[in-house]
Amino acid sequence: MEVKLAFPQDRPPLSIISAAKVAGVPLTIDPTLGSGSVPTLHFRIHGVNTILRYIARAASVSSFCGQDAIQAAHVDQWLEYAPLILSGSEFEAACSFLDGYLASRTFLVGYGLSIADIVVWSNLTGTGQRWESLRKSKKYQSLVRWFNSVAADYADTLDEVTSAYVGKRGIGKSPAPSLKEKMPGLKENTSGHQIDLPGAKVGEVCVRFAPEPSGYLHIGHAKAALLNKYFAERYNGRLIVRFDDTNPSKESNEFVENVLKDIETLGVRYDVVTYTSDYFPKLMEMAESLIKQGKAYVDDTPKEQMRSERMDGVESKCRNNTVEENLSLWNEMVNGTKRGIQCCVCGKLDMQDPNKSLRDPVYYRCNPDPHHRVGSKYKVYPTYDFACPFVDALEGVTHALRSSEYHDRNAQYYRVLQDMGQRRVEIYEFSRLNMVYTVLSKRKLLWFVQNKKVEDWTDARFPTVQGIVRRGLKIEALIQFILEQGASKNLNLMEWDKLWTINKKIVDPVCGRHTAVLKDKHVLLTLTNGPEEPFVRILPRHKKYEGAGKKATTFANKIWLEYADASVISVGEEVTLMDWGNAIIREIKTDNGTITQLVGELHLDGSVKMTKLKLTWLSDIEDLVSLSLVDFDYLINKKKLEEDENFLDNHNPCTRREALALGDPNMWNVKHGEVIQLERKGYYRCDVPFVRSSKPIVLFSIPDGRQKSTSIVSGA
């Protein structure tokens, strides 16, 4: 029976298509699903591994799902492991593990081809040029032997699939398998334990990620989003993205749109997007019902007095109002009258409870500001404490993930559900992510935006997802950083250096290399026996990664060196000019102690192993590119702010440094967002590519995880 396989056009499931071809399972291809959707068979089988297991059982190849129960379990284990290969951060580790595993094996499971072989083979192929470069090397000989054997045995079938769906850049990268779901035997990240949700059942779990649309997502929100994604996938459940839009004074459509953009950037796939505002009518009905039941009352106590009474456990004078009085005031609130805006609705819980969150919390407030979705239809809005448990129960959420900072409010959450007569929703706590020298409060981040201390929410100094990506962080690094922490409840202050170290391991193997010298700190070296006319050689942009492409390097008898390099050279010293050879410095010209020019001669027969200085250089030609090299510092100058400290007292006044430089002509072609390495300077992300000669290319310095990284100003 031929079945239809539907998938997004930008993410073809190569492993499924290859497995079906080899297994003789006929498929009709339908690449029309929306971006981010999971592959689906027309009889409602969803997800890559579920479909692969179906193909294995329907295969004409006898060993495709294993010869016995143990082999079948091993096949399943490989299906869970295979996505790791598509992770940029884990690719090399996966290849190393596979190479060792296949050293004495012909197939991954048993003594015949299984679907595990096809899936792992397909994922290697799906990385495109990255795997092809390794395949040509001698680094993983056992893995290459196995790969070539599978390719040869099923050449016609597999060639047809790969030619149709795989380009040089592969079929795209997916996030690494998350939270310790890696194959036993892999050295990295195998110490953690799998995390369970209390009372969770496969196929019945529903979780929600509920950001407030009052800012862009930051690194702390990313942790919450990825943990929800993990549990939804682990239990084959549902993930709801719900905007908690209950405060119209702070919220906007701009924030909604950018939160959705950030969620997509994080690779979080959800089932549905909802809004708390969708439930405003039902929430109002519930508030009125609680008033009628005597479980809530309307209070007109001034805000500061109410706060003081709550702290002291003093009951409000309004607490014992009649139901009729409360309903009358509630009606004033709903209509937004002068009397109504003086009031709020409070839950009648227990003013003497040691847990202050249970001391008659506020359920509803008046707010005359128009709402970004519903306009001025409502004058009253529910608080998070009231709306969240109600909507969780209404939408079928089984487990509500909350950071441990809300721990004292858990009792309130359950009590509100109980008073509403709603079913219980389990709370699962995880620790809030805190970073050194960083504020994550959206109120504080908004201050930086409004006071023009940063460009906007995407500023490279900001801890927002868009900010750190603009700085040069690869999303694979962020995902790996967050998932390595797991769902621990221990409060940790995390170092940015660890995140940037992970990032370096991802960008360094693949980013192109270029050369630059600082514009106001460079010295001309004249090579007396250099080429009479400049000539060009085509060199790799990355010596170990063909996928980075080529670059044209000009060789001439006048070249620019960094002043910092010239200042440590001695007359008669032999130095190495990188990518060229050795040169001997014969003369150093100065003016009032400042070096103005060097004179030397090429000594290309000299040994580069014998020289102390290995120097970057640029030929003195007209085609050099103007660059603006930008470095950043933390917005806060104290590692950890205590609760009673004002962040404004620790605001760093100087957080952006800029240096003009000259770069090699190949940088005309550097694209926006591309990460490159300026040799002996560091890694950079292109924020503004070449537009016209009068405007420099803007490159943002990317930290590499070293606490005392070299400043661009030094030129060292």
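Let me begin with Arg461, which sits in the loop between helix H16 (442-450) and helix H17 (465-471), where helices are DSSP runs of H or I with at least four residues, numbered from the N terminus. Please keep in mind that this is a predicted model, in which local features need pLDDT of at least 70 and side-chain atom pairs count only at pLDDT 80 or more, while totals for chains, interfaces and linings use all residues. Residues are numbered from 1 along each chain as its sequence is written, and side-chain values use heavy atoms, with hydrogens and water left out.

Is Arg461 buried or exposed? With a relative accessible area of 16%, Arg461 is buried, a word that means under 20% relative accessible area with a 1.4 Å probe and protein chains only, whereas exposed means over 50% and partly exposed lies in between. Its side chain makes a polar contact of 2.8 Å with that of Thr655, the term being a pair of N or O atoms within 3.5 Å, one able to donate a hydrogen and the other to accept it. Not counting residues up to four places away in sequence, Arg461 also touches others, including Glu455, Phe632 and Asp633, contact being heavy atoms within 4.5 Å.

Now to the cysteines. A search of the whole structure finds zero disulfides, that is, pairs of cysteine sulfur atoms within 2.5 Å. For Cys344, the nearest cysteine sulfur belongs to Cys346 and is 3.9 Å away, and Cys344 is buried at 8% relative accessible area. For Cys366, the nearest is that of Cys343, 7.2 Å away, and Cys366 counts as buried too, at 18% relative accessibility.

Note on methods. Helices (H or I, at least four residues) and strands (E, at least two) are DSSP runs, numbered from the N terminus.
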